[in-house]
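This report describes selected features of one protein model. Please examine the sequence and the structure before reading on.

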Amino acid sequence: MNTSVKFSPRAAQGLAHLQARKNDIAIFVEDSAGRNMWKRIIKRFIPEGIRVENVNPLGNRQQVINACKADQTKTAKPRLYIIDADLDLLKSKRKPKLKHLYRLRRYCIENYLIQEKSLIQLATIFDHDIDENTAEAHIDLSGWLKRNEKSLRHLFVWYAVANDLDESVETVAHHISRLSDDDSVKFDLCPSKTRKRIMNIYRHLRTTADTREILKKYNQYKINANRMNILDFVSGKSYILPAVFPLLKRDFGMNISKSAFLCLLAERVDPKVDPYFRRTLQREINTRID
């Protein structure tokens, strides 16, 4: 059951004051991930001894930005508003120039959880008889990424094009389960289903946009994609973790909910995945100290 409470952008500043006794820094996020998962991740990045007992979901991305815009005046209360990168990275789109706003360095916060070492640890916890080397070979995260990289790159480039030219086109909300290879024991994407999905997007865009503009954006975003790791710009929430989660449940006896799975991964996040995030949190905390 989801008991998460969302707060309005107007309430953000008041919350920072109300929670000051429990939090050395107020954290505001999109309502795209569980609060408990967020707390565990934040604790992996903040300096030891800094308290963060509450993480506050404000709704969608724009609501977080609006709340941050309304909170630009000077105050002694450290706070940070965090948004996903979404498709901005592929589109080379700058983040809004606002104090106390941090845009993640990957598509979404779930991308920070995708670390093979963490998956191996969970496998050996739930399967008491398996060793780390065997678990690593069986999970084979790098192998999954390599096998599906071409399809994912192509697909997300087209998602970026569609997002630019016609926001009515369903993009990341089109879950990976609808593109999966029914015969794959490793939950791979089906190249045929993926090509069909891309062709449907292209055909739709041709009815609403100029073909030259479509291809111009496609070529631009393809170049950007080729410069990045797919863990940066492909949704970990909708397109990578949904392939990993059922594998661990099926093959290692991990009989837990998806939210519990994410929390366990969050406790193991390596802060090196985003050193800028750690420095930003430290800078905001120093605002109070100074």
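## Phenylalanine 245

Leaving aside residues up to four places away in sequence, phenylalanine 245 touches Met254, Ile256, Ser257, Lys258 and Phe261, where contact means heavy atoms within 4.5 Å. Phenylalanine 245 lies in helix α10; helices are DSSP runs (H or I, at least four residues), numbered from the N terminus. Its relative accessibility is 12%, so phenylalanine 245 counts as buried (under 20% relative accessible area, with a 1.4 Å probe and protein chains only).

## Basis of the model

The model is predicted, so local features need pLDDT of at least 70 and side-chain atom pairs count only at pLDDT 80 or more, while totals for chains, interfaces and linings use all residues. Residues are numbered from 1 along each chain as its sequence is written, and side-chain values use heavy atoms, with hydrogens and water left out.

## Helices α2 and α11

The axes of helix α2 (residues 35-45) and helix α11 (residues 258-266) come within 8 Å and cross at roughly 5°. These axes are lines fitted to C-alpha atoms over the stretch in contact, with angles running from 0 to 180 degrees between N-to-C directions. The two helices, α2 and α11, are therefore roughly parallel to each other (angles under 35 degrees).

From α2, the contact involves Asn36, Met37, Arg40, Ile41 and Arg44; from α11, Leu262, Cys263 and Ala266 take part. Five residues of this contact are nonpolar, one is polar and two are charged. Ala, Val, Leu, Ile, Met, Phe, Trp, Tyr, Cys and Pro count as nonpolar, Asp, Glu, Lys and Arg as charged, and the others, Gly among them, as polar.

Key
Angles under 35 degrees count as roughly parallel, over 145 as roughly antiparallel, 65 to 115 as roughly perpendicular and the rest as oblique. Buried means under 20% relative accessible area, exposed over 50%, partly exposed in between (1.4 Å probe, protein chains only).
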